[in-house]
Amino acid sequence: MSVGAALRGWFRRTGSEILGWVVVVVGVILMPLPGPGMVIVVSGLAILSRHYVWAQRVLGPLERKATEAAKFGVETWPRIAVSFLGGVWLAVLGVIWWIGPDIPEFEVLGVGFGPELPAQGWATALGLWASAVAAWALLAYSVVRWREPRPADVP
């Protein structure tokens, strides 16, 4: 057996399992931050589903619900437009967090905010931009995959 074949075999078994767990942990860490934390967790579960039945069971209902939501979201052009504008909103928020303007000082439940935006800087901006790109990519995929042409749409 060649070294390359041995490495491929190791990665199929152990390496992909390690990668799946690392991706899940990174996703969990990113969940409270603006960004695609939940998408990363689901990606890790998809990798782990090759090794664990419990991960397959978790992904089954998630996949069905995600498919239903995607079909619903691209059923009409106004829904598609609102989804696209949601991505634009994330991109604009990324610019605002990158620039980091001063905000008024205020308090919520005893926690003070201001004069800087919470978590301002390039890391949060990149997370927001990554979320916008992911949203647009998923929207485009959903339109191509699940948008059914209506008689009014066909010339």
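Val 26 is partly exposed, its relative accessible area being 36%. In this predicted model, the residue belongs to helix α1, which covers residues 3–30.

Val 26 also contributes to a nonpolar patch on the surface, together with Trp 10, Phe 11, Ile 18, Leu 19 and Val 22. The accessible area of these six side chains' residues, taken together, is about 520 Å². Membership of such a patch requires over 30% relative accessible area, a cut-off that Val 26 passes with its 36%.

## Helix α5

Helix α5 comprises 25 residues, numbered 122–146. From its first C-alpha to its last it reaches 35 Å, close to the 36 Å expected at 1.5 Å a residue.

Several positions along α5 are buried: Thr 124, Ala 125, Gly 127, Leu 128, Ser 131, Ala 132, Leu 139, Ser 142 and Trp 146. The packing partners of these buried residues are α3 (53–73) and α4 (77–99).

Leu 90 is located in helix α4.

Leaving aside residues up to four places away in sequence, Leu 90 touches Leu 128, Trp 129, Ser 131 and Ala 132. Among the buried residues of α5 are Leu 128, Ser 131 and Ala 132.

Conventions. Residues are numbered from 1 along each chain as its sequence is written. This is a predicted model: local features need pLDDT of at least 70, side-chain atom pairs count only at pLDDT 80 or more; totals for chains, interfaces and linings use all residues. Side-chain values use heavy atoms; hydrogens and water are left out. Helices (H or I, at least four residues) and strands (E, at least two) are DSSP runs, numbered from the N terminus. The expected span of a helix is 1.5 Å times one less than its number of residues. Buried means under 20% relative accessible area, exposed over 50%, partly exposed in between (1.4 Å probe, protein chains only). Contact means heavy atoms within 4.5 Å. Patches are made of residues with over 30% relative accessible area and no salt bridge: like charges are joined within 9 Å, nonpolar side chains (Val, Leu, Ile, Met, Phe, Trp, Tyr) within 5 Å. Accessible areas come from the Shrake-Rupley method with a 1.4 Å probe; for residues, only the protein chains shown count as cover. A salt bridge is a side-chain nitrogen of Lys or Arg within 4 Å of a carboxyl oxygen of Asp or Glu.
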